[in-house]
Amino acid sequence: MSGRPVDEIVRIASDLVRIPSVSDSGGVYAAVDFVAAWLKERGVKARIAEYGKGAPVAIAEAGSGKRSILLNGHVDVVPAGDPSRWKHDPFSGKMDKDYLYGRGAGDMKAGLAVFMYLTAELAGRVDYKIIFTAVSDEEVGGARGAKNTAERYRPDLVLDCEAGNSRFIGLGEKGILQVRLVTNGISAHGSMPSRGKNAIMLMLDDLKRLSAIAKLKVRAPKGIAEALKNSTMAYGPDVPIISYNPSVINGGVKINVVPDCCEAYVDMRIPPGMSTAKGLGIVRSIVKSAAVTVHSSAEPNYTEPGDPYVAGFVKAAKRYVANPIRIIKAGGTDGRFFRYKGIPTISFGPGDVRTIHAYNERAALKDIATSYKVYRDYMLALPL
Ligand SMILES: [Zn+2]
């Protein structure tokens, strides 16, 4: 490997951004092929597996030892949306002296490039096995990629290079409780609404009532309260509470008909300290008219802040980051599949958290360099 590591990493990340690997598109195959080919060129044994159709995984196993660590990344990205809203073509991989731009720059092709480089650089130089995996369905739930790698590997530690401004050390993430509400009314002529029962109004009343769920106090488990509080620095005030977002609503047939049916979807994220079952019970106790069914759910999860792997990571980060902060992530990531198996899982990586999934996504080159240095020091110091 020639040239400065960071220059090479940024080049890899830019090449990756140029592959439009939106989840469930053909681009994910091109992206995992690129990853595996790059590793092979550097002498790392890499292969492609496909545990679930349409979601190939690039896998490399390097080095050996009693212990193993798994580097988890994803090649897939969310769609770019309206191209005219981007300052630069979202798939051009454009860079200037400060940033790499484009869809996936932060989430998480810069981080993935850091892991690719480190796998090649440290293979055989550390006395543990490195399992590198690049999945391609993280943005659509991870049921085919990471869920399966978590079933197949038992590493001692998982590192995940998701966007976090190279400052936020993710120890866990909120749970997901997405529900579908349906209200049924009685149709009537629109000129005689009192003869009917308006399903849209029933729904609006329930949605309003349910908004109170965001005001409930959820007691944070011992040890994690500070991380939850710190998370507001990364994501704003929604992390320690049950966030409440009615996101889709459908109802009514015609302007002159009293609607007899209305459907709404609500996306709630549950902080550690509550289960999704408990959350669902609360939802059902608050709504008056709506039938509630679960659309999708995942339990909140975290690695103990006092875990020695976490302490070691904070130490490595402090060398390069003025004030690294341990947080609980607002959104879900593939890290949860490993935490559900009891494996310590740390999430840290470059990428501006305010621009991920947004227009003009970007990753600061300085952050990419920081992530590389933190991970390199940390991985060289392992096992602790
Ligand atoms: Zn991501």
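In the predicted model, Leu181 touches Met203, Asp206, Ala264, Val266, Val287, Ala290 and Val292, when residues up to four places away in sequence are left aside. Leu181 belongs to strand E8, which covers residues 175–184. The residue counts as buried because 24 C-beta neighbours lie inside 10 Å of Leu181, where 20 or more are required.

Lys215 provides a second example. This residue lies in the loop that runs between helix H5 (199–210) and helix H6 (225–235). Lys215 has 9 C-beta neighbours inside 10 Å and therefore counts as exposed, the limit for this class being 12 or fewer. From Lys215 to Thr276 there are 61 residues in sequence, and the distance between the two C-alpha atoms is 17 Å.

The overall description of the protein chain gives the setting for these residues. Its secondary structure consists of 10 helices and 15 strands. The C-alpha trace spans about 80 × 45 × 35 Å along its principal axes. The radius of gyration is 23 Å, which agrees with the value near 21 Å that a compact globule of 384 residues would have. Of the 384 residues in the chain, 49% are buried. Among contacts with a separation of 6 or more, 79% are accounted for by residues 24 or more positions apart.

The domain assignment divides the protein chain into domain 1 (5–173 + 300–381) and domain 2 (175–298). Taken over C-alpha atoms, the centres of domain 1 and domain 2 are separated by 33 Å. Contact between them involves 16 residues of domain 1 and 18 residues of domain 2. On the side of domain 1 that touches domain 2, strand E7 (168–173) and strand E13 (325–329) each supply at least two residues. The largest share of that side, four residues, comes from E13. By class, the residues on this side of domain 1 comprise 10 nonpolar, three polar and three charged.

Helix packing was examined next. Two packed helices are described by the angle between their axes and the distance between the axes. For helix H3 (residues 105–122) and helix H10 (residues 365–381), the axes come within 10 Å and cross at roughly 35°. The crossing of H3 and H10 is right-handed. On the H3 side, the contact is made by Ala110, Gly111, Val114, Tyr117, Leu118 and Leu122, and on the H10 side by Ile368, Ser371, Tyr372, Tyr375, Arg376 and Met379. The contact of H3 with H10 has nine nonpolar residues, two polar residues and one charged residue.

H10 also packs against helix H1 (residues 5–17), with axes that come within 10 Å and cross at roughly 115°. This crossing of H1 and H10 is right-handed. Here Pro5, Val6, Ile9, Val10 and Ala13 in H1 meet Leu365, Ile368, Ala369 and Tyr372 in H10. The contact of H1 with H10 contains nine nonpolar residues, with no polar and no charged residues.

Asp107 and Met108 are joined by a cis peptide bond, with omega of about -10°. Met108 lies in helix H3, the helix whose axis crosses that of H10 at roughly 35°.

Asn165 is not a glycine, yet its phi is positive, at about 55°. Asn165 is found in the loop between strand E6 (157–160) and E7, and E7 is one of the strands that supply residues to the side of domain 1 touching domain 2. Asn165 is buried, because 21 other C-beta atoms lie within 10 Å. The other residue, Asn360, has a positive phi near 60°. Asn360 is placed in the loop between strand E14 (345–347) and strand E15 (362–364). With 16 C-beta neighbours inside 10 Å, Asn360 counts as partly exposed.

Methods: Residues are numbered from 1 along each chain as its sequence is written. This is a predicted model: local features need pLDDT of at least 70, side-chain atom pairs count only at pLDDT 80 or more; totals for chains, interfaces and linings use all residues. The radius of gyration is taken over C-alpha atoms; the globule rule is 2.2 Å times the number of residues to the power 0.38. Two residues are in contact if their C-beta atoms, placed from the backbone, lie within 7 Å. Domain bounds come from an automatic or database domain assignment. Ala, Val, Leu, Ile, Met, Phe, Trp, Tyr, Cys and Pro count as nonpolar, Asp, Glu, Lys and Arg as charged, and the others, Gly among them, as polar. Axes are lines fitted to C-alpha atoms, for helices over the stretch in contact, and angles run from 0 to 180 degrees between N-to-C directions. A crossing is left-handed if the near helix is turned anticlockwise from the far one by less than a right angle, and right-handed if clockwise.
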